[in-house]
Amino acid sequence: MKHLIDPMDLTVEEIDKLLDLADDIIANREKYSKKCEGKKLATLFFEPSTRTRLSFEAAMMELGGNVLGFSSSDSSSAAKGESVADTVKVVSCYADIIAMRHPKEGAPCLAAMKADAPIINAGDGGHNHPTQTLTDLLTIRREKGRLDNLTIGCCGDLKFGRTVHSLIKAMSRYANIHFIMISPQELEIPDYLVEEVFSDGKLNYEQVRTIDEVIDRLDVLYMTRVQRERFFNEADYIRLKDTYILDTKKLKKAKPDLSILHPLPRVNEISVEVDDDPRACYFRQALNGKYVRMALILKLLEEAGK
Ligand code: NCD
């Protein structure tokens, strides 16, 4: 059974095919409207979500399927002490495919070992968020027409931000990608990721402290929120939370075809005045998330023979 736990579970060819399928879905919505008739998607969200859960549910509905699930661990048997393994074993009896978000790193991986249905990791702690990455790749490809030859700035909480972790891994496989990591020292990308992605020397990255010093070189600027819920103490969060605020003044030096992405939710890191700039892609990105999840559901159900 094929699951999606880590962005590297998919080859570059598989990703390209998924993005092609998402493009086709966008162009021919009606053609896909009954593809999942009689099928059920369960969304098991042990951690808060708006876009990811609702886009999964909207995706399944647009494929003609049905959805069931819960949106917080308080309203599931986890509150009674049930293990993740037992929960997914049971939910596999009710649903054909499962999207799961959990605060503990590795929980969806464990679920995949126990479940009788394909498991999609919808975010595990500060670790991975592969469907956000598919969303980001589709957005970059649609906005820029390519996934290679790009200078990508990742800005904000690069330590705890799982979307950045997964994006870096996935993009590292395309040609001529240059990363610029923009973060305070306390929020730099974790050592394990440096080891995993950059240690063989094929790909390199720069580490800087301000947006200003690099914005004129960027093709993509990936902004992120400081992940309050993953901090050990509130004082550190308060000190770091407004380190970066992208505004129209800062954008004056940027390339005319810069693409600004953000997985959302935004707190203060992009000022709302930027929303009217044509280079702001984050709401289009949120919409792309639904289409790429439609493509993923179709692919995993097909591979599971369902
Ligand atoms: C992200 C997440 O949950 O990791 N949100 C999302 O899925 N679009 C980013 C975040 O919470 O900051």
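This is a predicted model: local features need pLDDT of at least 70, side-chain atom pairs count only at pLDDT 80 or more; totals for chains, interfaces and linings use all residues.

Residues are numbered from 1 along each chain as its sequence is written, and side-chain values use heavy atoms, with hydrogens and water left out.

Within this selection, examine the polar contacts (pairs of N or O atoms within 3.5 Å; within protein, one must be able to donate a hydrogen and the other to accept it, and residues adjacent in sequence count only if both atoms are side-chain atoms). H129 places a polar side-chain atom 2.7 Å from a ligand oxygen atom. Q132 has a polar side-chain atom 3.2 Å from a nitrogen atom of the ligand, while L264 contributes a backbone N or O atom at 3.0 Å from a ligand nitrogen atom. Of the 320 Å² of accessible area that the ligand has on its own, the protein covers 94% (Shrake-Rupley method, 1.4 Å probe; for residues, only the protein chains shown count as cover).

Remain at L264 and display the backbone towards P265: the peptide bond joining them is cis, with omega about 5°. P265 belongs to the loop between strand 9 (259-261) and helix 10 (282-303); helices (H or I, at least four residues) and strands (E, at least two) are DSSP runs numbered from the N terminus.

Next, select strand 5, residues 150-155. How many of its residues are buried? The count is 6 of 6, where buried means under 20% relative accessible area, exposed over 50% and partly exposed in between (1.4 Å probe, protein chains only). In a regular strand the side chains alternate between the two faces of the sheet. Here L150, I152 and C154 point one way, and T151, G153 and C155 the other.

Strand 6 (residues 177-182) runs parallel to strand 5 and is joined to it by 6 bridges, with C155 opposite I182.

N149, in the loop between helix 5 (130-144) and strand 5, has phi near 50°, a positive value in a residue other than glycine. N176, in the loop between helix 6 and strand 6, likewise has a positive phi, of about 55°. Which of the classes, buried, partly exposed or exposed, does each belong to? N149 is partly exposed because its relative accessible area is 39%, whereas N176 counts as exposed at 57%.

Finally, select I120 in strand 4 (residues 119-124). Its relative accessibility is 0%, so I120 counts as buried. Show its contacts (heavy atoms within 4.5 Å): not counting residues up to four places away in sequence, I120 touches L4, F56, I97, I98, A99, M100, T131, L296 and L300. L296 lies 176 residues from I120 along the chain, and their C-alpha atoms are separated by 9.1 Å.

Conventions:
Two strands pair if DSSP finds at least two bridges between them.
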